[in-house]
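This report is for a reader who is new to the structure. Please look through the sequence and the model before reading on.

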Amino acid sequence: MRRIFTDLIVRSVGARINLTGTIDADTDILIINHQSMFDIFSLEQAIGNDTRFIGRTGIMDKWPVSRIVDRVGHITVDQKDRRAIIKLLKDVKLCKGKKVIIFPEGTRSQSGKIEPFEAGAKLLVEKLKLKAQPVVIKNILDVYNESNKTATSGTIEIEVLPAIIITDGWYEKIHQQMNEVFNQ
């Protein structure tokens, strides 16, 4: 059902998805830039439905989205709760074998650029020793722009970068690398 719903949404705006690169089978978490709610449908179309998205309460706990979130098992974070990081660590651990998707900017970028990363993704990868791969989504605002409320046929480019190796400054390096790929 979920796959059919995703296909219908992607096709309804005339979008095509072009996936470049390979997600390693043993990757635990995908670190992806975020510009639109359409990112989620595009990613499910490209990657498949065996994914879990991390999102904040206030978006993911409103009906009808909350029904989908609960049923599928997506992960919500209450940024006002001091203990949210502990819950997040536990929830991500429970997703072993699934691809967890985190948007490190913490919100959708309406500027069309990759915004600075928040600390959450870095903490998750380091604390849980997760295998992470950065992914860059391009052209999404050309196809579906929430701000302008426009949809235009086009191709959304999703580029998977090599898995990261945790060394000093790795998080800043992938931010820079993702920006370079995004701006190509």
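## Strand 6 and its partners

Strand 6 and strand 9 (residues 154–160) run antiparallel and are joined by four bridges. Helices (H or I, at least four residues) and strands (E, at least two) are DSSP runs, numbered from the N terminus. Two strands pair if DSSP finds at least two bridges between them. Within this pairing, V136 has E159 of strand 9 as its bridge partner.

Strand 6 (residues 132–138) is also joined to strand 2 by four bridges, and these two strands run parallel. Here I29 is partnered with A132, and L30 stands opposite Q133.

## Basis of the model

The model is predicted: local features need pLDDT of at least 70 and side-chain atom pairs count only at pLDDT 80 or more, while totals for chains, interfaces and linings use all residues. Residues are numbered from 1 along each chain as its sequence is written, and side-chain values use heavy atoms, with hydrogens and water left out.

Buried means under 20% relative accessible area, exposed over 50%, and partly exposed in between (1.4 Å probe, protein chains only).

D28 lies in the loop between strand 1 (15–20) and strand 2 (29–32). Its relative accessibility is 14%, so D28 counts as buried. Leaving aside neighbours within four places in sequence, D28 is in contact (heavy atoms within 4.5 Å) with K96, K98, K99, V100, L130 and K131.

## Aromatic rings

The structure holds six aromatic pairs. Rings of Phe, Tyr and Trp (its six-membered ring) pair if their centres lie within 6.5 Å; planes under 30 degrees apart count as stacked, over 60 as edge-to-face and the rest as tilted. The pair F117 and Y171 is tilted, because the ring centres are 5.4 Å apart and the planes stand at 55°. F117 lies in the loop between strand 5 (99–102) and helix 5 (120–128) and Y171 in helix 7 (residues 170–182), so the pair ties together parts that are 54 residues apart in sequence.

F117 is buried at 16% relative accessibility, and Y171 is buried at 5%. One aromatic cluster is formed by F5, F38, F41 and Y144.
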